[in-house]
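This report walks through one protein chain for a reader who has not seen it before. Please keep the sequence and the structure at hand while reading.

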Amino acid sequence: MSEQVSAKGVDVDEIRVAQVYARAAWNLAVRDGVGQEFLAEYRQFVQQVLDRQPELETFFRLTSIGQDHKAEMLERIFKGRTSELLYQTLRTLNAHDRLGLARAVLIGLVELSNQSQGKVPVQVRSAVQLSDRQKAAVADVLARRLKITPILERSEEHTSELQSPCNLV
């Protein structure tokens with residue numbers, strides 16, 4: 001299953017900073033043998049908490065509310081109800097005034113998971129929209145020739161070029 005996550009509403013600079021925190025959390029999860037489980041839990045946190053309660057994400061971003069108050073709230077809401085790793089990741093973000101990057105950390109975690117599985121995002125552009133069968137054929141050719149597991153990304157525009165962000169094609 002290809003792991004993708006939308007970056008909609010997340011600033012590119014936030015993603016860059018969040019990748020540092022994502023890598024630290026991912027490395028701990030992999031060390032403990034729970035990489036994919038942690039990713040699933042973090043994704044669930046974003047989908048079931050941040051997506052459903054946007055005011056919490058707004059609260060995370062407020063600089064007028066101190067770290068101590070946010071730390072108390074994190075403990076009250078998450079300690080003992082999530083894995084220790086998720087709780088500590090949120091605490092670390094808070095300790096560095098980066099709790100507002102919680103959503104962007106998921107993007108970094110997904111990228112790290114994909115990398116660990118040899119999955120590479122590939123952007124395909126075509127003159128016409130491709131059928132599922134055609135997409136599968138493109139993915140198969142890329143996999144065989146480049147020895148990767150391509151993740152075909154959608155492109156709304158149709159041109160006659162095939163691109164990869166990694167310059168593989």
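Lys 147 counts as exposed, because its relative accessibility is 71% and the cut-off for exposed is over 50%. The model in which this residue is seen is a predicted one. Lys 147 sits in the loop between helix 7 and strand 2. Its phi is positive, about 55 degrees, although Lys 147 is not a glycine. Most residues other than glycine have a negative phi.

Asp 97 also has a positive phi, near 55 degrees, and is likewise a residue other than glycine. This residue belongs to the loop between helix 5 (84-95) and helix 6. Is Asp 97 buried or exposed? With a relative accessibility of 62%, Asp 97 counts as exposed.

## The chain as a whole

The protein chain holds seven helices and three strands. Read from the N terminus, the order of its elements is α-α-α-α-α-α-β-α-β-β.

The chain has 169 residues, and 37% of them count as buried. Its accessible surface is about 10,400 Å², with 49% of that belonging to carbon and sulfur atoms. If contacts between residues at least 6 apart in sequence are taken, 75% of them join residues at least 24 apart.

## Helix 3 and its cover

Helix 3 spans residues 54-61, and its buried residues are Leu 56, Glu 57, Phe 59 and Phe 60. Viewed down the helix axis, these buried residues fall within an arc of 155 degrees, so they line one face of helix 3.

Thr 58 is another residue of helix 3. Thr 58 counts as partly exposed, because its relative accessibility is 45%. In sequence, Thr 58 and Gly 100 are 42 residues apart, while in space their C-alpha atoms are 7.7 Å apart.

## Strands 1 and 2

Strand 1 pairs with strand 2 (residues 149-153) in the parallel sense, over five bridges. Between the two strands the chain passes through helix 7, and this β-α-β crossover is right-handed. Two of the facing positions can be named. Lys 119 stands opposite Thr 149 in strand 2, and Gln 123 stands opposite Glu 153 in strand 2.

Lys 119 lies in strand 1. Lys 119 counts as buried, because its relative accessibility is 11% and the cut-off for buried is under 20%. The side chain of Lys 119 is joined to that of Gln 117 by a polar contact of 3.2 Å.

Where is Arg 125 found? Arg 125 is part of the loop between strand 1 (119-124) and helix 7 (132-146). At 19% relative accessibility, Arg 125 counts as buried, because buried means under 20%.

The side chain of Arg 125 makes a polar contact of 2.9 Å with the side chain of Gln 123. Gln 123 is also the residue that stands opposite Glu 153 in strand 2.

Conventions. Residues numbered from 1 in each chain as written. Predicted model: local features only at pLDDT ≥ 70, side-chain atom pairs only at ≥ 80, totals over all residues. Heavy atoms only, no water. Helix = DSSP H or I, 4+ residues; strand = E, 2+ residues; numbered from the N terminus. Buried < 20%, exposed > 50% of the residue type's maximum accessible area, 1.4 Å probe, protein only. Polar contact = N/O pair within 3.5 Å; in protein donor to acceptor, adjacent residues only side chain to side chain. Contact = heavy atoms within 4.5 Å. Areas by Shrake-Rupley, 256 points an atom, 1.4 Å probe, with all protein chains shown as cover. Arc of directions from axis to C-beta. Pairing = 2+ DSSP bridges. Right-handed = clockwise from strand over helix to strand, strands pointing away.
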